[in-house]
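Let's take a friendly walk through a protein chain together. Have a look at the model first, and then we will go from the overall fold down to single side chains.

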Amino acid sequence: MEPPEAAGPSAAGSAAAGRPVRTLAARVAGGVLGAGMLVMPPVVVALAGGDGLLVWTAHVLLGGAVALVLAALVRARIGPASLAGAVGALLGTWAERVVDGVFAVAFTAGQAAIAWFAATALLTAADGAPPRAGTDGLPLALAVLVAAGAAALGPRTLPAPVLRWRPWVTGVLALACAVWAWPGDPAAWAGTPLAPSGLTPDGALWLALAALFFAGVGWEAVTGAAPATAAGPGRTAAGVLLGTAAVAVVHLGLAAVQERAAPGPAPAPLRWVLAGATAAVLASYVFTNVRTAARIAARLYPGGRRSAERGPARALVVAVGAACCAFAWAGARDGGVPLLLLGPAAAALTGYALGAAAAVRHGGLALRCAGLLLVAVLAGLAVLGVPALSGA
């Protein structure tokens, strides 16, 4: 998804032209590495246990393949665009509306999941153990969403230095949480907001892999970055691969630390520091993402694209915030966090499948084969995953 706040096109274009490989790598890594660094390692280890690294590896390989196909597709065919704009230019307006529609809805579910994770962290800090499923965390989750939504109604945006440093702060905080096995022993997470009870081992693995698409929303950043660099196919592929390698180092590194950390009760002051920092950082992501969702939703009605460029209407921001709160109510069950993350997962699957279909339709022989293989993999994941998740 395009970043909620971005530099002007001239500055971005000149930087991209001068350092195409590094620019592409930075856009790929910057697009993917976000709130998922905090949310996903505990969720994956709770669901997948010792197979967590395998699930993360599969996710990174699939995401890198998506980015390579999309970059090759748009590099010389269209100008810089969002994923919706790219598939719309290549497949028709209907495809653009489908991608915008599913991402607008999915972003609201994703923010509810983020808010529930922040609420779970705060309750764990208070009690020393993660809360059981139920409505205990709902007031805190709603408070995060309401506060972020109210801030999104105002004219202020996060300063560019904050946006630039936020992923680094998030990564350092995620590493600290992993080292201290925060928010606690994964063996105790079944029946909490982090993991549903009653899933088969196969079902838990599929839920972990599906939920990871939330952490992978951002691979499509190449649709804006690749055309802007005006690089050849070799440098474009090199930039995407370098960015994928950076994502792999961060995600696999956090997962490895999380799996190997010795679970145990952290001192109460440390619990509160980690929980408070987690809630603050995640609230900042909800703030920017509510605006992003409203901006996407604005593009769905006639004339909405022009208003989206100026900024979404306040009524639309309120509607998005209300939808986030409605999803938060739905999250008051065991495993609410990963189940809410299936919304972004479905959106990513839809958008990436349409991008792969565009590659099959408009690419050369190699790109068509790659697009066809990617369509088959994504369709296979959906066909195999839905039955496995039916009991969740």
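## Helices throughout

Helices here are DSSP runs of H or I with at least four residues, strands are runs of E with at least two, and both are numbered from the N terminus. Please keep in mind that this is a predicted model. How many helices and strands does the secondary structure of the chain come to? The count is 17 helices and zero strands.

## Overall shape

Along the principal axes, the C-alpha trace spans about 55 × 45 × 40 Å.

The contacts tell us how the chain comes together. Take the contacts between residues at least 6 apart in sequence: 86% of them join residues at least 24 apart.

Of the 392 residues in the chain, 53% are buried.

## Charges and salt bridges

Now for the charges. The chain carries 23 positive and 13 negative side chains, and 14 Å separates the centres of the two sets. How many salt bridges does a search of the whole structure find? It finds two.

One of them joins Arg299 and Asp100, with their closest N and O atoms 2.7 Å apart. This pair links distant parts of the chain: Arg299 sits in the loop between helix 12 (268-298) and helix 13 (304-310), while Asp100 belongs to helix 6 (residues 93-127), and the two are 199 residues apart. Both Arg299 and Asp100 are buried.

In the other salt bridge, Arg333 meets Asp334 at 3.3 Å, N to O. Are these two buried or partly exposed? Arg333 counts as partly exposed because its relative accessibility is 32%. Asp334 has 17%, and since buried means under 20%, Asp334 counts as buried.

## A closer look at Arg166

Let's finish with a single residue. Arg166 is part of helix 8 (residues 160-179). With a relative accessible area of 11%, Arg166 is buried. Which residues does Arg166 contact, leaving aside its neighbours within four places in sequence? They are Leu158, Ser284, Tyr285 and Thr288.

Notes. Residues are numbered from 1 along each chain as its sequence is written. This is a predicted model: local features need pLDDT of at least 70, side-chain atom pairs count only at pLDDT 80 or more; totals for chains, interfaces and linings use all residues. Side-chain values use heavy atoms; hydrogens and water are left out. Buried means under 20% relative accessible area, exposed over 50%, partly exposed in between (1.4 Å probe, protein chains only). Contact means heavy atoms within 4.5 Å. Lys and Arg count as positive and Asp and Glu as negative; His and the chain ends are not counted. The place of a charge is taken as NZ of Lys, CZ of Arg, CG of Asp or CD of Glu. A salt bridge is a side-chain nitrogen of Lys or Arg within 4 Å of a carboxyl oxygen of Asp or Glu.
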